[in-house]
Amino acid sequence: MRAMVYRGPYRIRVEEKPMPRIEHPHDAIVRVTTAAICGSDLHLYHGMMPDTRVGHTFGHEFVGVVHEVGPAVENLQVGDRVMVPFNVFCGRCWFCSRGLQSNCHNVNPNATAVGGIYGYSHTTGGYDGGQAEYVRVPFADVGPSVIPDWLAEEDAVLMTDALATAYFGAQLADIREGDSVLVLGAGPIGLYAAKSAWLMGAGRVVVIDHLEDRLEMARTFAHAETFNFAEHDDVVVLMKRITGHLGFDRVIEAVGAEADGNALMHITSAKLKLQGGSPIALNWAIDGARKGGTISVMGAYGPIFSAIKYGDALNKGLTIRGNQCPVKRQWPRLLEHVQAGHLKPSEIVTHRFTLDEIPDAYHVFSAKLDGCIKPLITLSAA
Ligand SMILES: NC(=O)c1ccc[n+]([C@@H]2O[C@H](COP(=O)([O-])OP(=O)(O)OC[C@H]3O[C@@H](n4cnc5c(N)ncnc54)[C@H](O)[C@@H]3O)[C@@H](O)[C@H]2O)c1
Ligand SMILES: [Zn+2]
Ligand SMILES: [Zn+2]
């Protein structure tokens, strides 16, 4: 089969790989019909993620058709159209039974640190991902769901991570009726988080980024107020000025460790590797929240960081929450919102590529060329 393959930082190819096979009675093999590239894949592409091995296939956002099932699989049949959460999870351990599917204890030798994720390096279990013609899906009875007939393929693929993560991010922010909400980052996660904040009763939603086409999408898709941080000398002063100097009730950080906006942080992290990335967006979240407020961190961070304003967070009495999203837990409520027409996930899709074009897709998305906000990979007809 054909699959996207990692060859080193900024170097990916499409190659022939052996067909995945049923390795365990609870496995299924899914023929992928549509996949996506996530902002998280860029951390792999840039070589920022430890233990990203040459030969690994990325892709944790995918939908497809069940091609084969192991002898113990009961809930799926060959031919079912399924969406697959980005988490690999067992459904039975202490964590899964409490809804913490992203913290499953049975799917990763590093399980005390992080759960299992498709196509996201050996740090998260080494599972090959869905930017390929076929993918092995472990615990097939508990992860995938059959796609409802009314849900379009391109909307379904966005439920497997981006939309679910953003909605979860808004949930962790603990938004109450009328709250002011700041979203840092206007990528797919930030855009959907801004939209989700309204669904949860926010009274004001502000989005900050420095890419104009994304800020435009934040205004049209998410009806948010927007600010371009590149146009302001001091973002902290800006955040205080627009909130009567108190700060925002809730902040959703949707940027992560590859944040722009501070040259010194960029040099100490990306260039000198003195820390696991730039904490500038996290520090803006701490500065931008009002005392007693909540920060929800959806952006990805490596394990070790310095220069985080933890003392300020403590003295302001902030609640800081974060996790990898337990995707499947979000689906019942999200499906209601999508079916009711409260949002159309695929409205933020800007680009579609074939699997053979995936090296270009990574380049365009990584360099933020051509107004690229969310690229999909179209494999074959369902
Ligand atoms: N927790 C989870 O389960 C989970 C799931 C998916 C993605 N993520 C993470 O969420 C983050 C966002 O994902 P995405 O797909 O939207 O990525 P993306 O790269 O498309 O978007 C990030 C946005 O942040 C902007 N940005 C950079 N520096 C900034 C700053 N200092 N302040 C404000 N904005 C800034 C960029 O211009 C970009 O528009 C990534 O770190 C990704 O790894 C986490
Ligand atoms: Zn992702
Ligand atoms: Zn589990």
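This is a predicted model: local features need pLDDT of at least 70, side-chain atom pairs count only at pLDDT 80 or more; totals for chains, interfaces and linings use all residues.
As for handedness, the crossing of α3 past α4 is right-handed.

Which residues make the contact? On the α3 side they are Ala162, Leu163, Thr165, Ala166, Tyr167, Gly169 and Ala170. On the α4 side they are Pro188, Ile189, Tyr192, Ala193, Ser196 and Ala197. By class, the residues of this contact comprise ten nonpolar and three polar, with no charged residue.

I turn now to the backbone. Most residues other than glycine have a negative phi. Against that background, I would draw your attention to two residues.

The first topic is His245. Its phi is near 70°, a positive value in a residue that is not glycine. His245 lies in the loop that runs between α6, residues 235-241, and β13, residues 248-253. Is His245 buried or exposed? His245 counts as exposed, because it has 10 C-beta neighbours inside 10 Å, and the cut-off for that class is 12 or fewer.

The next topic is Lys368. Here phi is about 55°, again positive although Lys368 is not a glycine. Where does Lys368 sit? Its place is the loop between α11, residues 358-366, and β17, residues 375-378. Lys368 has 15 C-beta neighbours inside 10 Å and therefore counts as partly exposed.

Thank you for your attention.

Note on methods. Residues are numbered from 1 along each chain as its sequence is written. Chains are lettered from A and ligands numbered from 1 in the order in which they are written. A crossing is left-handed if the near helix is turned anticlockwise from the far one by less than a right angle, and right-handed if clockwise. Helices (H or I, at least four residues) and strands (E, at least two) are DSSP runs, numbered from the N terminus. Two residues are in contact if their C-beta atoms, placed from the backbone, lie within 7 Å. Ala, Val, Leu, Ile, Met, Phe, Trp, Tyr, Cys and Pro count as nonpolar, Asp, Glu, Lys and Arg as charged, and the others, Gly among them, as polar. A residue is buried if 20 or more other C-beta atoms lie within 10 Å of its own, exposed if 12 or fewer, and partly exposed in between; C-beta atoms are placed from the backbone.
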